[in-house]
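Good morning, colleagues. Please take a moment with the sequence and the structure on the screen before I take you through a few details.

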Amino acid sequence: MQSWHRHMSRAAAVVLVSAFPAFAPPAFAQSPAAPDWPGKADWDRTVAAAKKEGKVVVSSTVGSFWRTVLTAFKDEYGIEVEFTGANGRDFWPRFRQEQKLGQSLWDIRVSPPETETYDLVGQGLIAPLRDLLVLPEVVSDKAWHGGYDAIYADKAKRYFIGFGLVETPIVWVNRDLIPESELSSIAQLSDPKFKGKISSQSLRSGAGANNFALMMRDPRYGKDFIGAMILGNEAVLTDNVRQQVDWLVRGNYPIGVSVGADVMFDMQSKGIGENVRPLPGLHKYSSSFGGLMAFANPPHPNAAKVYANWILTQKAQAAIAKTVRYNSRRTDVELGDPSIQVDVDHLDDYVNTQSEEMMPYYAAWQAYAKELEAKLK
């Protein structure tokens, strides 16, 4: 059963959270600044070497807010951040071309793992991030919901970290038009009575690919269910996030699959579509844009190590949460956006959609999605 916060609008969630006492982060037993923590002398030498290198080269998602918080590293250590904002579809082809030319230009990428990044590990192009992380407040189990190992998305627990903890609904329903007594679970969406009432984001990219791959993984759903929902019920596909939300709110298509949650929450905060609610049935979380990886043969290895530790500290994570309105996985950071919070007491009920475990399901979904698209034409 979904927890109460999954059904709240952004405005309502913020009001409710503000009614509680101020958040008091727990104190860690050992501060990274303490003179006696193991490895402190080595850390000081690394910082000194990083300052001599003079800069760290970082790539991350596009956006002025992310740029602001990710370049604040200079304020902490006096080391320049050469920052490039680029989405994965633009960054990785560039990175591969540079590698063909024998160029290793990047130190760190702040981004979640994508399908092709797991392949790069086997090619020796991604460094084991775990070997770089040494600050006590970073490697502590109690610093992270689910423990330190749980923040790694790869099976080896060494290469890719997701420092965010974000839940976005998979399906939304306009309850003004379809009451809960008629539709109470995602599993019902294959019912012919919903023919002509469903819209979805495109099948093979973005949130659509993510959510349908998750359905492929779950034995309650799979090919037959998805085929009946998309083909049998004549779902309308769109790449226009705002148009889909408008359809949902106006009732043109009162059921929306893979709806742009940010747009939906924004409309609800303005009092529009307040009775559009998430539909229970699947629980997922991701780190959204909040991931971390390090490159092999970095041009500034010491600065890369310092940066990787810095971004996972309480101070840096709190700044990200506040500036980007984002929820950190750290246990000592206040929620940046209560409307997308995960029920941390029941993490085992969720699937991390950015984990390596999901990769075979993404591949299976892409193959099946091509079949569906051919039938839709």
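Which residue lies over the face of W144? That residue is R330, at 5.2 Å from the ring centre. Please bear in mind throughout that what we are looking at is a predicted model.

Searching the whole structure gives 21 of them. In one of these, F91 and F295 have ring centres 6.1 Å apart and planes at 45°, so the pair is classed as tilted. Where do the two partners sit in the fold? F91 belongs to helix α5, residues 88–100, and F295 to strand β12, residues 291–295, so their pairing ties together parts that are 204 residues apart in sequence.

F95 lies in helix α5 and F295 in strand β12, so here the parts tied together are 200 residues apart in sequence. F95 is buried, as is F295. Taken together, ring pairs link F91, W92, F95, W106 and F295 into a cluster.

Let me now turn to the sheet. Five strands form an open sheet with mixed pairing, in the order β8-β7-β9-β6-β10. Its edge strands are β8, residues 236–238, and β10, each of which pairs on one side only. On average, neighbouring strands of this sheet are turned by 25° against each other, direction ignored.

Within that order, I would draw your attention to strand β6, residues 171–174. What does β6 pair with on its two sides? With strand β9, residues 255–257, the pairing is antiparallel over 3 bridges. With strand β10, residues 276–278, there are likewise 3 bridges, and the two strands run antiparallel. V173 stands opposite I255 in β9, and V173 also stands opposite R277 in β10.

Finally, consider the faces of this strand. In a regular strand, side chains alternate between the two faces of the sheet. In β6, V171 and V173 point to one side, W172 and N174 to the other, and all four are buried, so both faces are covered.

Thank you for your attention.

Technical notes
Residues are numbered from 1 along each chain as its sequence is written. This is a predicted model: local features need pLDDT of at least 70, side-chain atom pairs count only at pLDDT 80 or more; totals for chains, interfaces and linings use all residues. Side-chain values use heavy atoms; hydrogens and water are left out. Buried means under 20% relative accessible area, exposed over 50%, partly exposed in between (1.4 Å probe, protein chains only). Two strands pair if DSSP finds at least two bridges between them. Axes are lines fitted to C-alpha atoms, for helices over the stretch in contact, and angles run from 0 to 180 degrees between N-to-C directions. Rings of Phe, Tyr and Trp (its six-membered ring) pair if their centres lie within 6.5 Å; planes under 30 degrees apart count as stacked, over 60 as edge-to-face and the rest as tilted. A charge sits over a ring if NZ of Lys or CZ of Arg is within 6 Å of the ring centre and within 35 degrees of the ring normal.
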